[in-house]
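Have a look at the model first.

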Amino acid sequence: MNDYYAVLGVARDASQEDIKKAYRRLARKLHPDVNPGAEAEEEFKRVSQAYDVLSDPQKRRSFDLGSDPFASGGGAGYGAGAGFSFSDVMDAFFGAGAPGGTRGPRSRVQRGQDALVRLDIDLAKAVFGSEEELTLETAIGCARCGGDGAEPGTGRETCPICRGAGEVQQVQRSFLGQVMTSRPCVNCQGYGSNLTDPCHDCSGDGRVRTRRNLKLKVPAGVDTGTRIQLTGEGEVGPGNGPNADLYVEIRVVNHETFTRRGDDLHCSVELPMAAAALGTTLKLSTFDGMQDLEIKPGTQSGEVHTLRGLGVTHLRHGGRGDLLVHATVQTPTRLTEEQRELLQQFAALRGEERPEGRLAPANKGLFGKLRDAFKEK
């Protein structure tokens, strides 16, 4: 297939006026009356043939799509010497929405991009839920141009390069022949038109950045890593396009007293040796206020006391976890003489003046404890 643009010495996006001027210039130079000879006559025929194709809008469009009306065999085709549009082939296999196969100018109105923000909350808010206020840096529609992107009173002009198509075509040679590919027009970025005067506030984007406040309801039971989706609360898209979604990722700050494990809360309570031996009732400050904790006589270090329903609210169903209190028995380190004498008397009464050590497994599991219990019986 001949390259008629090269024959006339014009660009592929040349206007009809440019094509006519190039033809007249070459015709005056190569016309047989001015320049006799076989070579000049042959060249004049090629120039006339190129002008015949490019001066006719319909023939020119067919040529741009890979068809040469003067090629041997005539018409368009996929045989030797005929060009074809790679975009048309992609459309045939994958549809017009295939990558690189979208036809026509792209819209200036697009959906915004989703955003992710992180929110730190304390453990009490994770237990019961809360309402938080977020301050966001986001994009909103431009009030000056209404999202159009053009300065009020102005408009758009058709791109002179792609003539409103939003894409330009390029012919390349390959083993299949001449392959025509399409790419977005760099002059108009694929929009097909350019703003004559971009909006002075948004610079043609149709949106401006601002700071806004948003109230967020944090459900009870959230944990670190929980993401809350707020549909349509993200930034506005270019050209005042649809709002994106906003995702809020929760991080629960560590508490100085309570540790969370799943939906249960754990804490430790220190017991004097006498209180652990005799038993007592303690007042504990919890997220639900002051609670009574009954310490049974003979409580050992490591024993766990459970307060039902005082843990974290279950996120996806009703009810709450438990509060587990781990007992730690404190042994006195400083004794008065009177206290020492009383403890010695106590040890004598229990026969513990010289106790014998008894080795036990370091980590005795549930089945080991059950086995020992049966042995004692």
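Before anything else, a word on contacts: two residues are in contact when they have heavy atoms within 4.5 Å of each other. With that in hand, take the contacts in the protein between residues at least 6 apart in sequence: 64% of them join residues at least 24 apart. Keep in mind as you look around that this is a predicted model.

The protein has nine helices and 16 strands. It runs to 377 residues, and 33% of them count as buried.

What about the inside? In soluble globular proteins, nonpolar side chains tend to be buried together. Here, the largest nonpolar core has 32 residues. Those with the most contacts inside this core are Leu119, Ile121, Leu216, Val248, Ile250, Leu323 and Val325. The core draws at least three residues from each of two domains: domain 2 (115–140 + 209–252) and domain 3 (258–352). Pick out Leu216 and see what surrounds it: leaving aside residues up to four places away in sequence, Leu216 touches Leu119, Ser130, Glu131, Glu132, Leu134, Ile228, Leu230 and Val248. Apart from this core lies another one, made of 18 residues, including Leu8, Ala22, Leu26 and Leu54.

Two of those names, Ala22 and Leu26, take us to helix α2, which spans residues 16–30. This helix has 15 residues and reaches 21 Å from its first C-alpha to its last, close to the 21 Å expected at 1.5 Å a residue. Which residues of α2 are buried? They are Ile19, Ala22, Tyr23, Leu26, Ala27 and Leu30. These residues sit on the same side of α2, because they cover an arc of only 130° around the axis. The spacing has a simple background: an α-helix has 3.6 residues a turn, so residues three or four places apart point the same way. Turn to the face of α2 that looks away from the buried side, and you find the exposed residues Arg28 and Lys29. As for what covers the buried residues of α2, the cover includes α1 (4–8), α3 (38–54) and α4 (57–64).

Let's finish on α4, one of those covering helices. Its buried residues are Arg60, Phe63 and Asp64. They cover an arc of only 100° around the axis, so they lie on the same side of α4. On the other side of α4, Gln58 and Arg61 are exposed.

Key
Residues are numbered from 1 along each chain as its sequence is written. This is a predicted model: local features need pLDDT of at least 70, side-chain atom pairs count only at pLDDT 80 or more; totals for chains, interfaces and linings use all residues. Side-chain values use heavy atoms; hydrogens and water are left out. A nonpolar core is a set of buried Ala, Val, Leu, Ile, Met, Phe, Trp, Tyr and Cys residues joined through side-chain atoms within 4.5 Å. Buried means under 20% relative accessible area, exposed over 50%, partly exposed in between (1.4 Å probe, protein chains only). Domain bounds come from an automatic or database domain assignment. Helices (H or I, at least four residues) and strands (E, at least two) are DSSP runs, numbered from the N terminus. The expected span of a helix is 1.5 Å times one less than its number of residues. The arc is that of the directions from the helix axis to the C-beta atoms.
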